[in-house]
Amino acid sequence: MGYSIGVDFGSLSARAMAVDVSSGRILKESVYGYPHGIMKDSLPTGRKLEPGTALQDPRDYLDAWQFLIQDMFKGRELRADQVVGIGIDFTQCTVMPVDREGTPLCMHRSFRNDPHSYVKLWMHHRAQKEADDITREAGLRQERFLKYYGSKVSSELLFPKILEILRQSPDIYRAADQFVEGADWMTWQITGSRMRSKSIATVAALWQEEEGYPSDDFLRALHPQMSDVKQKLRGKLVKPGTCIGGISQKMSEKTGLPAGTPVACGLGDSHSAFAGSGLCGEGAMLMVIGTSGCDILISRNQVPVEGFCGICPDSAIPGYYGYEAGQACMGDHFQWFMENCLPSVCHEEAASRNISVFQWMDEKAGRLKPGSSGVIAIDWWNGCRSVLMDSDLGGCLFGMTLQTRPEEIYRALMEGIAFGKRMIIEQMERAGVRCRLLYATGGVAKKNPLIMQIMADVLNREIMVPAIANGSCMGSAMFGAVAAGRRGGGYDTIEEAVNAMGPPVGKTYIPSQSASVVYDALFEMYREMYLYLGKDSSMLKRLAAMRGKEK
């Protein structure tokens, strides 16, 4: 029996999954939480960080890799010589500056107190000014790439983060031999191959098939020293499923994996989850609903869509254009609400019933009828990724009174997420890209039936949830099988891998027509507030300029 291993490097932890390549049966799973987590307040050295910073320590990735792979072979349930291939996915854009040998600059003693030497996580939003400057310059020059990135460059992408490093810490920029995505760095570390993922470059680094990265003239217009940045992004770009090499002897000794075991090129976590959820056809759309949210739809056609982060070839499934959008805050703001906004009596009542406060609140909110509280939430608690692409915007609650109860606010937050999702789908379909099939995966999709039913009602569409907890891990395992190829015990195409290994549908949410009618009216109010408050001149932008000034 042959199996592949998928490793998913998330925002707070990494997970590994061993999967039977003949059936898709999960043989073993393991999780490793990052000791340094997300560094938002201070570095390990004690240096304080500015608001909007989100950094990570790459040592956590190496420790996670070694722990997870070793754990796969504990107990002798699995044999290392039966691994046909390895796949890896990562959050994106998660980028780090490295030296010529691939060592992250934060591991150099001389740089460890400089925040810009560390990994900038996807949610690092300190580069909003740089994103705005790139957008403005690209608009003035009518750069072709801009229309395929929603006409507005997000602060979550690669070039704003690099420009921020150059402006704020030129020594780090000069010392960096390369800027590398987390997924590409990890595959480099375990194989010695410096190939880069074409999928990640198209989504996160403004790379286009016809033109490559933005032109030298454009980059120099952003900053004179940006003229050499493409040299710092060198490396062959390869499609998902490409075998970039085998496990190195050094990594074989550390993990027990046989040297030469095929490794697929890295992939973004949401793109990996697409195949891992069993999707690979025209018009299929996957909503990844977890800490944040990412939406991916694939189509044979490329059509510009305002406010979409990237419309890119071969990003999720080779041979298709991937349309990517998302919401920057989902599960995060439920956690924020529970920790900061609930009176102690709510926690005490949940504890008295021996259930979590989330379960208790779900029960209370689930008894409410759509629209009964008169409260609407705007879902920008970590900025707006799509369709406004503005990390400075903040969340809002409207319609509260002295009679408003916690469960009404909680339900409004759920509805706000669903309304934001409807804005995304309608924006795409107005441009002529049809959503034919709707799936959802991720922690929130798996664990919270209430929000999934609300989403089905708001969207007035059936939503299918695969019978698997981690689609990203499964997808990486599938691409690992493709890296092996049929001769190596795997598959020659991702379509073959999906057909053999794809999970069944675990649950289908069917919209309630009576609820959908009410939500249609609420959504029109949401849309009106969304468009008004999302303007560049809105009070939310003025408030954002004041945020953190007194800290």
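1. N354 is exposed, with a relative accessible area of 72%. The cut-off for that word is over 50%. This is a predicted model. N354 sits in the loop that runs between α11 (344-352) and α12 (357-366). Its phi is positive, near 60°, and N354 is not a glycine.

2. Q142 also deserves a look. Phi here is near 55°, again positive in a residue other than glycine. The position is a loop, between α2 (128-141) and α3 (158-168). Is Q142 buried or exposed? Q142 is exposed, at a relative accessible area of 73%.

3. Some background on these angles and bonds. Most residues other than glycine have a negative phi, and most peptide bonds are trans.

4. Which residues does the cis peptide bond with omega of about 0° join? The pair is Q92 and C93. C93 belongs to the loop between β5 (83-90) and β6 (95-98).

5. Another cis peptide bond runs from S386 to V387. Omega is near 15° in this case. Where is V387 found? V387 is in the loop between β18 (376-378) and β19 (396-398).

6. For checking against the model, the sites are as follows. Positive phi: Q142 and N354. Cis peptide bonds: Q92 to C93 and S386 to V387. Loops between helices hold Q142 and N354. Loops between strands hold C93 and V387.

How values were computed: Residues numbered from 1 in each chain as written. Predicted model: local features only at pLDDT ≥ 70, side-chain atom pairs only at ≥ 80, totals over all residues. Heavy atoms only, no water. Helix = DSSP H or I, 4+ residues; strand = E, 2+ residues; numbered from the N terminus. Buried < 20%, exposed > 50% of the residue type's maximum accessible area, 1.4 Å probe, protein only.
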